[in-house]
Amino acid sequence: MRKLKYHEKKLLKKVDFLSWEVDNNLHEVKIMRKYHIQKRDDYTKYNKLSREIRELSRNIKELDSKDPYRAESTALLLEKLYNIGLIPTKRSLELCDKVSASSFCRRRLPVLMVKSQMAETLRLATQFVEQGHVRVGTEMITDPAFLVTRNMEDFVTWVNGSAIRKHVLQYNDMRDDFDLM
């Protein structure tokens, strides 16, 4: 074996081959790639939240069906999950069992930008968000992990001074002469 060069030795100091872990969770890697999630922490948070939602719905199901607390808590849970956008309708607690980490990933800002055709790819949408070209309501968002609720979906737009907004308006022949300055 040849003698390692200086930069190779320096790089190998940072890697411990004895306790090196292989990533065995292929499903997690697949979801992180599909939704272009850069931080593993985000995915683990989504997984934990979805597990807690499923446990909560199971606990509510175990209550007596005639109990008024069960009806009230069921309505509150379904309303909250529907408003966030994790379930399609407010019909039954069975929908809560289908909430997964992917449900949260589908509510991320870059995913909704691709869905509404503001960007062609998730990578491009994530780049726009990180560079500060997108706002939700009046707030400029720079975190791609921002979860957009159903109420806020209509308020996702470009930042006023953004060059991308100018290009979109010019393409649609909606650019005002006053905006040239």
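**Fold, burial and contacts**

Q: What is the relative accessible area of lysine 9?
A: Lysine 9 falls in the partly exposed class, which lies between buried (under 20% relative accessible area) and exposed (over 50%), with a 1.4 Å probe and protein chains only. It is found in helix 1, residues 6-13. The relative accessible area of lysine 9 is 41%.

Q: What kind of model is described here?
A: Residues are numbered from 1 along each chain as its sequence is written, and side-chain values use heavy atoms, with hydrogens and water left out. Local features need pLDDT of at least 70 and side-chain atom pairs count only at pLDDT 80 or more, whereas totals for chains, interfaces and linings use all residues, for this is a predicted model.

Q: What share of the accessible surface belongs to carbon and sulfur atoms?
A: Accessible areas come from the Shrake-Rupley method with a 1.4 Å probe; for residues, only the protein chains shown count as cover. Buried residues make up 34% of the 181 residues. The accessible surface comes to about 13,200 Å², and the share of carbon and sulfur atoms is 54%.

Q: How far apart do the centres of the positive and negative side chains lie?
A: Lys and Arg count as positive and Asp and Glu as negative, with His and the chain ends not counted. Each charge is placed at NZ of Lys, CZ of Arg, CG of Asp or CD of Glu. There are 34 positive and 26 negative side chains, and the distance between the centres of the two sets is 7 Å.

Q: Which strands stand at the edges of the sheet?
A: Two strands pair if DSSP finds at least two bridges between them. The three strands form an open, antiparallel sheet in the order 2-1-3. Each edge strand has a single partner, so one side of it is left without a neighbour in the sheet; these are strand 2 (139-140) and strand 3 (156-158).

Q: Which residue of strand 3 is the bridge partner of valine 136?
A: Strand 1 (residues 134-136) runs antiparallel to strand 3, and three bridges join them. The bridge partner of valine 136 in strand 3 is valine 156.

Q: Where is histidine 36 found?
A: Phi of histidine 36 is near 50°, a positive value in a residue other than glycine. Histidine 36 counts as buried because its relative accessibility is 19%. It is found in the loop between helix 2 (26-34) and helix 3 (40-62).

Q: Is glutamine 117 buried or exposed?
A: Glutamine 117 is not a glycine, yet has a positive phi of about 60°. It is found in the loop between helix 6 (109-115) and helix 7 (122-131). At 70% relative accessibility, glutamine 117 is exposed.

Q: Which residues does serine 57 touch beyond four places away in sequence?
A: Serine 57 lies in helix 3. Its relative accessibility is 0%, so it counts as buried. Contact means heavy atoms within 4.5 Å, and the residues that serine 57 touches, not counting those up to four places away, are Leu77, Leu93, Cys96 and Asp97.

Q: What is the C-alpha to C-alpha distance between arginine 150 and glycine 85?
A: Arginine 150 is found in the loop between strand 2 and strand 3 and is partly exposed at 27% relative accessibility. Leaving aside neighbours within four places, its contacts include Tyr82, Gly85 and Arg107. Arginine 150 and glycine 85 are 65 residues apart in sequence, and their C-alpha distance is 5.7 Å.

Definitions and conventions
Helices (H or I, at least four residues) and strands (E, at least two) are DSSP runs, numbered from the N terminus.
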